Structures are given as C-alpha cells and as structure tokens.
Amino acid sequence: MAKVLGISAHYHDAAAALLVDGELVVAIQQERLSRIKNDPGLPLDAADACLAYAGVRGEALDAVVFYERPFDKLERVMVNLMRNLPRTWRQFPRAMASQLGDKIWVLDQLAEAFGQPRANVRCFAHHQCHAASAHFVSRFEDSAVLVVDGVGEHSSTTLWHGQGAQLRALCSIEFPHSLGLLYAALTAWLGFAVNEGEYKVMGLAAWGRPGHAGLRERFERLIRLHDDGSYELGLDYFAHMSDAELGFGPKLEALLGPRRPPGLAWALEGERDQHYADVAATLQQVIEDALLGLARKAKALTGSPNLCLAGGVALNSLANARLAREGGFEAVFVQPAAGDAGGALGAAILAALELGDPRPTPMLSAALGLPVDIERAWAVARELELPVRRVDDPASAAAELIAADKIVAHVRGRFEWGPRALGQRSILASAAARETRERINRLIKQREPFRPFAPAVLEPRIGEYFDGQANDMTPFMTTVLPARADRSDALGAVTHEDGSSRVQTVSPAGAPELHELLVALERGGHAPLVLNTSLNGPGEPIVASSEDALGFFLRHAVDAMMIEDLVIERPA
Amino acid sequence: MSLTVALARMLNPLVWRSPARSADKLHGFALAEHGSMLDLRLAARLTPSPTRAAAYLRHADDETRHAQMFGKRARQLAREAGLARGHAVWEPIRADSEQLFVGLGELDFLAFVHVGEARAIEQFLVYVAYFQAQGRERDASLLTTILVDEHRHADYTRALLFELADSEAAARRALRRVRRWEAWRTWLRAGRFLAERVYMVAMLLVYLLAAPLGLLVRWARPLTRGWRDA
C-alpha cells in the first residue's frame, strides 16, 4: 500500500496527482494555484497542495513519478535539431537552454523538493502515462486505448490494449508525423494561440463548409490518410521541426491563403472569415476521419468492445461523438484531463500498480481539487463590504436566482480536474434564452461570437432535451449530443450553430452540488437544465480559492455569487 | 531630483520617440501590471489577515484594469505604427509571477509594493508632463487616470506596512532592505542579460561545429512513416 505523487510539467498544463493505496485522492493543475493560464512550470504548489489536502508529508511518499522520460525527449530534440540543419539554427540555442538548463534535471529537482531519495523518483514514457490515465480510471475491464497528441518523447500516436491492471503497447506513429501538430499549425494559421485556441477552432468549425471550394483536396497535401489507419503529414507545409512556435511554413500559406491576423474581430458573414471557418470545418472533418481510422485499427488489434482516448486531441468533443457513433465500439471513455495534465495521474497509477496497489476505482467525478474555506470567504467578503449572507439551502437559493434569469457564479465543492467547469467553479444561468448567452459574452467572457456555451442537465432527463443517452463521456463534457429540435425553447442559449450541444449529465456522484441545484430547479417547475460555463474571465485560469472567487466578483458583472452557503447578490 | 526622475526625463525622447516604441513601452507596462496582479492575488490567498486580503484583492483588480488599459493603447499605437502581426504586442497579456509574497514574506512584500508604486508615480508624472508638452493628450490622460490609483496604492501599502511592522524603525528597515534587494536583482538581471548573449554566440558556434552530425543523423536515424510496432 503506497503513497504516490504523479507530476506533469515543462510543456503545458503542469499538474500533480496523489494516489494513496491505489485510490486517487486529489489532483490539481498548477494553473489553478499560480493563476497563470496553462502554466507549464514545475507544479510544486500543486504538489504541496495535494500533500496538504491528504495530510501526507513529502518524505512519507513511496514514489514521486514524472510523466515523461527526460533523456529520451532530449534525444528526440537533439536528433530533430541535427536532422533539420540549417533551418534549426534559431531553435537550437533555445532548445538546448531549455533541455540542458532545466528539463533533464527534473527528477533530481523532484527528489530535492520532496525530500526523497533519488531512487524513489522515477518516470514513465509520456504516452504510457496518457494511456494509463484513461484505461485505469475507466470502468472497463478490457479496452483499446488510443493516445493522440502533439508529441511525447518520440511518438505522436500510440495504440494500447488495457486489460484489468495491465497495459500493453501495440504500435505507434512517430514525430514529426502528428495529428496534434497538424491541429496546432492550423490553430496558429487561424490566428489563435497554440495550446489554448484549439477549442476555438472546434467551435469555428460548425460555421464552415467542410471541403468547400476544393479544400478537402488541398488538405490531402497536408495529410494523407492510409487504409491501415496510419497517416502521414506533408512535411513541406509545416515548420514544427524547425520552429516550435508557429508550426506552419510559407507553403501552407500558399496552399490555404494568408494566416489570419491574431486578435482581429470576427465577421463570419464576410467572405474572408467564411474561408477561415471553411478551413476549420475541413480540418475538423479530416481529424475525425483520421481518428476513425486509428480507432478501427485499435479495434482490429484488440477486439475490445471499449475504447479509451487520451492526449490533447482527445479533448475534441465533436470527434469523440463521431467515434462513439461510428467507431464500432460499445462504449468510449475520455477522462476530463485528457491533455498533458492527465499525464500526472497516469504516471502515479503506473507506479502505484508497480508497488502492488490495486487499480483505482472508476473515476465518477472530476471534483478532485481543493474546497473553499467558507469562514475565510465570509471574512474577506465582509472586509470588501460585499452584501454577503448565509442561506440554509444553497441549492434552492441558487435555483431561485437562475429561475429569475440571474447569472450566478457557483463556487461549491472541490474544484475540477481538467479544463472543464463541471459545476464546482461554474457560471450558471438559464439555458433557454439566447440573450442570456449574449449577456454573458458581453459582460464576462468576451468570447468570439462563434463559440458555444454548454448545458448541464439532470442525467435521467437527458432524453427529454437531447437526441441520445448519457454515456461514459457526458459527465465530463468530453462529447457532444444533438439538441432536440422540438426543445429549442429550452435550449436557446446552449445549442451550437450545427445543432449540437457539449452536454454535461449531472448525477449525485459526479457533481452533488450541481445535482441538488438542478433538482431544486425542477421542483420549482423549471427545466432541470442550466447553461454551464467556466468561472473565469478572458485569458484567466478557472477560479480555485475563495479569494479568486471574490476577485472574480469584483471584476466581472455576474448578478450573484454562491460560495458554499454564502450568497452575494449585486445590487440592481 | 531622484535618480528615477532624472533617468525618465533623460530617456523620454528615446522611449516615446515613435508609435512603435511607445507601443513596446506600454505593452511592457501592461505585462508589469499583469505580473503585479498575479503577486497580489497570491498575497490575498496567503495572508492570514482578511483585511489585508481584501486590500490586495482590490489592488489586484486595479492592476487587471491597468493592464487592459495599457494593452489596449499599446495595440492602438501598434496599429498606427503598422507593427507586424507577429509582434509581442498582439499576443495576450501574460506575465510570470515572481511569487514575491512567498520569497520576501509579507512585511517585505508590502515594502516592495510600496516602493514600486512610489517609483511608478514619479515616472508617470514625468511622462505625463512630457506627453502634455508633445500634445499627446490621449497618452497623458491614460497615465493621469492610472496615477489616481497609484497614489491610493502607495498610501495603503505604506499604511499597512507601518501597521504590520513591530515599530516604525522596523518598517523603515524593511523599505531599505527591499531597495537593496531590488538593486541586487537588477545586478543579477544585467548579468543574466549578458550571459544570455554570450550563451547565444557560444551555442551558435557549437551548432556550426555540429553541422557534420546533421548528415550522420539523416543517415543513421531516417524519418519513419506509418505504423511502428511496439
């Protein structure tokens, strides 16, 4: 029986996850504490917070595990720099400084930080950690596991077979061929920040016409999909071998047109932005086709009825929905932190299994972070002279506010693991009126006009509003379902341009506080359904602590904030 | 006249000489305000006093607003200057946190913030006078607006510093300690700046020397395509 701390860091979305006796006790992304979006730094704050929450001292850990093999990664970086001489001359000094100055020493840094003998600090391969983070917390005894991201040490795509507490590598596709880097290059070409704007590309895709004006043929030069499920990038169009930041080369601009300037306001009724939307739609279609090919290969190799997905590309909820429909599997699972943060979880599980612990129980809830300190929230709110009061029934109080068309910041329970707000740190509002969505956008989120908002619905009621049933992904918002056209009255604020919704199904086990709220709404004669978007302003990480929440209330014009049983209402 | 004021006056014509340079400078201010916001948010979370937490949160809120105001004006100037879309000014405003509250402790953190705010006031007053003399009313008005907050920040941090310190002498010692620490940090930063340049040159030489390895790597480690068995 062991205490194991998993760590992911040094690329993006650094995180820590703590397993005690094989069970996941707490998992935290560094950005929630540092308040730096996608913080890549060594997550010592997150790790310390995990240990403090579990009451474990660093010295008492049985293992500290890193989600990547630093020297394998160094080798890939070096080989790539040498192979692409002389184009890599700009990248070389920076890459060397980053690798030799910091990254290869990470295991020693971890040993020192947690007072551990160096022998207790170990590492596993990047994709193995991703695969472990998916299969071992799924409910499946047997699953095919597909990992797709930018790149780990060498691999960008890997297939695995998970059986009970075993995980077996099957085959891989290696860098520089990478679906993640294709998506990153197009994200940059569309004028969005890489590792952050990918959701925007997915949202934009619904406004475009896939394959319009020969785009599909042009994409065939960017990526060739083979019958055996593998793929190959047209490397001449990309620059990720020689430019870590931009990812695409002049040939891509010659093929698709000039890059969209970052930060320019969107006008989708215009021809120019319609072209960018068409490219996004075509990219989405190509990614889905590629993932389907990979999933079919995984099915053929494993014969498993279940599929687990991990890696940054697994956060593409549209593609996940298509895999669930057409992949040939009975069930598909994507854990909420499928990106690099999830590597911390996978690393911890792999070490715990090696130390003889059992496989963790299935992940039912993403509320794995820290709770708020209510007394502190009360004291600070009073000092800020905010009109704070306590209520006996916070769920009913929040439901009444939402029923009265108020926009409510909802801070209850432990904060979420992964990039989705799932009711613990959410902005909630009525899902019915489209104007609510526009109000949230104008006052708080300032998102591009094409980006959708998601609904959260009581799990047993899902069929009343959406064409489909709850599945392994819906509690974590990692898939989409079509909104029922005959219920558009209830779904005006949460239906995307293509008629889909990235719906969250809410159960008492997954999000108890949000469940109580939806039950209270239904009890009051309203639809058990809310608009649920993350509690953060533009460019900010999602709120974690009570101080973050109060800071958010000062800055953003929500009508009310619930912090556990505290209510703060903004005067009309 | 303080060194800050003298330097600001001397460098004004250089720093603000064109819309492009002005955009750079204001973008730098936006980053500084964003970094300060991160430090204040952390301080709000870590201080044991709800009263000081509230003060830090209000201050952090101001810094967020200032960062947005500076960033917006920097982008307006960048547009006037026709700065390339790849320029940093177009990127989202993102700074790193120095975690000063953790590194310095609350007393020195307050001293540090106070010293920084007081210095900003001195600089901004010089800039405002310069902008007014140049007829740049928009920039003068931006800084004048922010100066109101900076005065408030300098006042409250001084009050909290003297309240938190055991004695007036202890507060003054903290102010001196922080000034020495800042000077040392500036010295280290200068050393780092120089070392980075030396390193770049050295690594480019290494790169040239390693060129033959490029051929070897292409022969020994060719690119793979398609599936590779585990």
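# A tour of chains A and B

Begin at the salt bridge between A:E232 and B:R225, where the closest N and O atoms are 3.0 Å apart. A salt bridge here is a side-chain nitrogen of Lys or Arg within 4 Å of a carboxyl oxygen of Asp or Glu. This is a predicted model, in which local features need pLDDT of at least 70 and side-chain atom pairs count only at pLDDT 80 or more, while totals for chains, interfaces and linings use all residues. Residues are numbered from 1 along each chain as its sequence is written, chains are lettered from A and ligands numbered from 1 in the order in which they are written, and side-chain values use heavy atoms, with hydrogens and water left out.

**The interface**

Next, display both sides of the interface of chain B and chain A, across which 5 salt bridges are found. Between the two chains, 25 residue pairs are in polar contact, both residues being at pLDDT 80 or more. (A polar contact is a pair of N or O atoms within 3.5 Å; within protein, one must be able to donate a hydrogen and the other to accept it, and residues adjacent in sequence count only if both atoms are side-chain atoms.) On the side of chain B that touches chain A, α2 (19-46), α3 (50-81), α7 (168-209), α8 (211-220) and β1 (228-229) each supply at least two residues. Helices (H or I, at least four residues) and strands (E, at least two) are DSSP runs, numbered from the N terminus. The largest share of that side, 10 residues, belongs to α3(B).

Chain B contributes 45 residues to the contact and chain A 57 residues, contact meaning heavy atoms within 4.5 Å. The chains bury about 4500 Å² between them, 58% of it on carbon and sulfur atoms. Select B:R45, B:Y207 and B:W227: in chain B they lose the most area to chain A, together 19% of what that side buries. (Buried area is the accessible area, with a 1.4 Å probe, that two parts lose on being put together, summed over both.)

Now move to β1(B), which is joined to strand β8 (residues 166-174) of chain A by 2 bridges in an antiparallel arrangement. (Two strands pair if DSSP finds at least two bridges between them.) Here A:S172 stands opposite B:R228.

**Inside chain A**

Select strand β4 (residues 63-66) of chain A. A:A63 and A:V65 on one side, and A:V64 and A:F66 on the other, are all buried; buried means under 20% relative accessible area, exposed over 50%, and partly exposed in between (1.4 Å probe, protein chains only). β1(A), residues 3-8, runs parallel to β4(A) over 4 bridges, with A:V4 opposite A:A63. β5(A), residues 121-123, also pairs with β4(A) in the parallel sense, over 3 bridges; there A:C123 is the bridge partner of A:F66.

Go on to A:R322 in helix α12 (residues 317-326) of chain A. Because its relative accessibility is 15%, A:R322 counts as buried. The side chain of A:R322 makes polar contacts with the side chains of A:E288 (3.3 Å) and A:D289 (2.9 Å).

**Backbone stops**

Most residues other than glycine have a negative phi, and most peptide bonds are trans. A cis bond joins A:L85 and A:P86, with omega about -5°. Another cis bond joins A:F175 and A:P176, with omega about 10°.

Finish in the loop between α1 (30-34) and α2 (44-54) of chain A, at A:R35. Phi of A:R35 is near 65°, and at 8% relative accessibility A:R35 counts as buried.
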